[in-house]
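My notes follow the order in which I looked them up.

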Amino acid sequence: MLDVTRAYGLTFLFPEGDTTVGASLREHGEFARPEVDLLASYMDQLKEPGIFIDVGANIGSIALPLAARHQRWQVIAIEANRALSHVLAANALNNQLYNVEVACAVIGAESGLTSFPSVPLFSKINFGALGAHLGDKVRSERVLMWRLDDIAPANTRIVKVDVEGAEVSVLKGARNLIEKIRPIWLLEASRNDAERQHAEASARETMRILLDAGYSLFWFFAPFATRNPAKASVGKPAELRGDMNFVALPAGIPNLWNLPKTADHNATWPTELATFGYMMRYGF
């Protein structure tokens with residue numbers, strides 16, 4: 001049911017049938033390493049440590065390497081799938097990352113109860129694609145739903161959100177965070193597919209909310225595996241798969257990686273790797 005691997009100098013338990021996050025950690029020793037590195041760069045740049053919140057933390061492939069690199073920071077890792085949240089908590093404890101707080105909850109526009117997929121850990125699926133968008137296609141259970149404004153401390157400095165097209169709901173429950181605390185945001189910018197038919201509209205609305213709040217937005221592509229991974233691939237390089245995201249920076253925070261800027265929530269998604277100069281350092 002569970003497999004174990006090493007990545008980023010850490011030990012990760014993961015569902016052995018996971019086709020994306022777990023498979024990448026096992027085969028390449030990394031998952032979305034540029035995302036980890038970019039967020040770490042901002043942690044290094046900020047003068048004082050604070051809170052990093054990971055909404056949609058899965059088994060901790062982003063949150064735990066950051067917690068290990070920046071042990072003066074507190075990491076709040078939130079995962080809505082109950083089984084995955086248990087694996088996440090075990091990974092934090094097994095790696096003695098006592099600056100990580102794990103919570104099992106959906107983050108949304110209101111606080112209360114909602115439904116979320118309860119896929120068992122022995123399933124062979126992409127566990128990272130679980131979300132409310134699946135509706136009645138999979139078994140669900142009742143889980144807590146919180147607003148970010150109810151749980152985000154005043155010294156929240158960075159928020160990463162990967163919730164499979166539900167980012168608008170997250171921001172609707174984070175008005176105080178957006179308007180007054182003003183952390184750095186990294187949010188997935190999903191495109192429409194067979195299961196997430198309204199993902200692009202949600203991403204554009206997310207962008208509009210942050211642009212209207214005075215943030216500067218920048219495109220950011222994070223490949224699941226780089227061309228120079230920690231574990232050498234056998235045979236041909238890993239297939240180029242990854243997620244498009246955008247980074248939202250408040251006034252006074254520099255664009256450290258020279259990411260391409262967008263000032264229009266209706267802008268066309270970038271499609272050329274040459275758009276992202278940082279990809280060269282990862283062998284692309």
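**Aromatic pairs**

I counted 7 aromatic pairs, taking rings of Phe, Tyr and Trp (its six-membered ring) as paired if their centres lie within 6.5 Å, with planes under 30 degrees apart called stacked, over 60 edge-to-face and the rest tilted. I looked up Trp 257 and Tyr 278: their ring centres are 5.3 Å apart and their planes stand at 45°, so this pair is tilted. Trp 257 belongs to the loop between strand 12 (242-249) and strand 13 (261-262), and Tyr 278 to the segment after strand 13, so the pair ties together parts 21 residues apart in sequence. Strands here are DSSP runs (E, at least two residues), numbered from the N terminus.

I note that the model is predicted: local features need pLDDT of at least 70, side-chain atom pairs count only at pLDDT 80 or more, and totals for chains, interfaces and linings use all residues. Residues are numbered from 1 along each chain as its sequence is written, and side-chain values use heavy atoms, with hydrogens and water left out.

I then checked burial (buried is under 20% relative accessible area, exposed over 50%, partly exposed in between; 1.4 Å probe, protein chains only). Trp 257 is buried at a relative accessible area of 8%, and Tyr 278 is buried at 3%.

**Charges over rings**

I applied the rule that NZ of Lys or CZ of Arg must be within 6 Å of the ring centre and within 35 degrees of the ring normal. The charged end of Arg 281 sits over the ring of Trp 257, 4.3 Å from its centre. Arg 182 lies over the face of Tyr 215, 4.5 Å from the ring centre.

I traced an open sheet of 8 strands with mixed pairing, in the order 5-4-3-9-10-12-11-13. Its edge strands are strand 5 (100-103) and strand 13, each pairing on one side only. Two strands pair if DSSP finds at least two bridges between them. Strand 10 (residues 184-188) and strand 12 are antiparallel over 4 bridges, and Leu 186 has Val 247 of strand 12 as its bridge partner.

I also traced an open sheet of 3 strands, order 6-8-7, with mixed pairing. Strand 6 and strand 8 (residues 140-146) are parallel over 2 bridges, with Val 106 opposite Met 145 in strand 8.

**Exposed ring**

I located Phe 122 in the loop between strand 7 and strand 8; Phe 122 is exposed, with a relative accessible area of 59%.
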